[in-house]
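Let's take a friendly walk through a protein model. Keep the picture open beside you and look for each residue as it comes up.

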Amino acid sequence: IDAEMGFQDCLDRAFKAFRVRNAEGAQAVYLAVVEEFSRQELAEVLGRTYGATREFLSQCMRKFEGLLREICPDYVPDEGVAGS
């Protein structure tokens, strides 16, 4: 349980840092991952086309993963959070 709490704390810190660096990207990641918006729903919220939203979200996820690795190296394996 301590390891889970440590990861959650680290994840929270990484997401806060990401939100400071990229508020729109953080919103997109939150809506897609936590709120489970479909890509079409996300496109409507962001005012982007479906294709542009897919690309934007992909870029945001890569940026967030990089920040997560930087802030939480003890919790994120080398192959990444998405297994990529």
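This structure holds one disulfide, meaning a pair of cysteine sulfur atoms within 2.5 Å. Its partners are Cys-10 and Cys-72, with sulfur atoms 1.9 Å apart. Please keep in mind that this is a predicted model, in which local features need pLDDT of at least 70, side-chain atom pairs count only at pLDDT 80 or more, and totals for chains, interfaces and linings use all residues. Residues are numbered from 1 along each chain as its sequence is written, and side-chain values use heavy atoms, with hydrogens and water left out.

**The disulfide**

- Cys-10 lies in helix H1 and Cys-72 in the segment after H4, so the bond ties together parts that are 62 residues apart in sequence.
- The torsion about the S-S bond of Cys-10 and Cys-72 is about -115°, so this disulfide is left-handed.
- Both Cys-10 and Cys-72 are buried; buried means under 20% relative accessible area, exposed means over 50%, and partly exposed is in between (1.4 Å probe, protein chains only).

**The overall fold**

- The protein chain has four helices and zero strands; helices (H or I, at least four residues) and strands (E, at least two) are DSSP runs, numbered from the N terminus.
- Reading along the sequence gives the pattern α-α-α-α.
- Of the 84 residues in the protein chain, 30% are buried.
- Take the contacts (heavy atoms within 4.5 Å) between residues at least 6 apart in sequence: 46% of them join residues at least 24 apart.

**The nonpolar core**

- A nonpolar core is a set of buried Ala, Val, Leu, Ile, Met, Phe, Trp, Tyr and Cys residues joined through side-chain atoms within 4.5 Å.
- The largest one here has 19 residues, and Phe-18 and Leu-42 have the most contacts inside it.
- Two or more residues come from each of helix H1 (2–21), helix H2 (23–33), helix H3 (39–46) and helix H4 (50–71).
- H4 contributes the most to this core, with six residues.
- Leaving aside neighbours within four places in sequence, Phe-18 is in contact with several residues, including Val-29, Cys-60 and Leu-67.
- Cys-60 has 1% relative accessibility, so it counts as buried.

**Aromatic rings**

- There are four aromatic pairs in the structure; rings of Phe, Tyr and Trp (its six-membered ring) pair if their centres lie within 6.5 Å, and planes under 30 degrees apart count as stacked, over 60 as edge-to-face and the rest as tilted.
- The rings of Phe-18 and Phe-64 have centres 5.4 Å apart and planes at 55°, so this pair is tilted.
- Phe-18 lies in helix H1 and Phe-64 in helix H4, so the pair ties together parts that are 46 residues apart in sequence.
- Both Phe-18 and Phe-64 are buried.
- Phe-15 joins Phe-18 and Phe-64 in a cluster linked by ring pairs.

**The loops**

- Asn-22 is in the loop between H1 and H2.
- A polar atom of the Asn-22 side chain lies 2.8 Å from the backbone nitrogen of Gly-25.
- Not counting residues up to four places away in sequence, Asn-22 touches Cys-60 and Lys-63.
- Glu-36 is in the loop between H2 and H3, and with 66% relative accessibility it counts as exposed.
- Most residues other than glycine have a negative phi.
- Glu-36 has a positive phi of about 60° although it is not a glycine.

How values were computed:
Polar contact = N/O pair within 3.5 Å; in protein donor to acceptor, adjacent residues only side chain to side chain.
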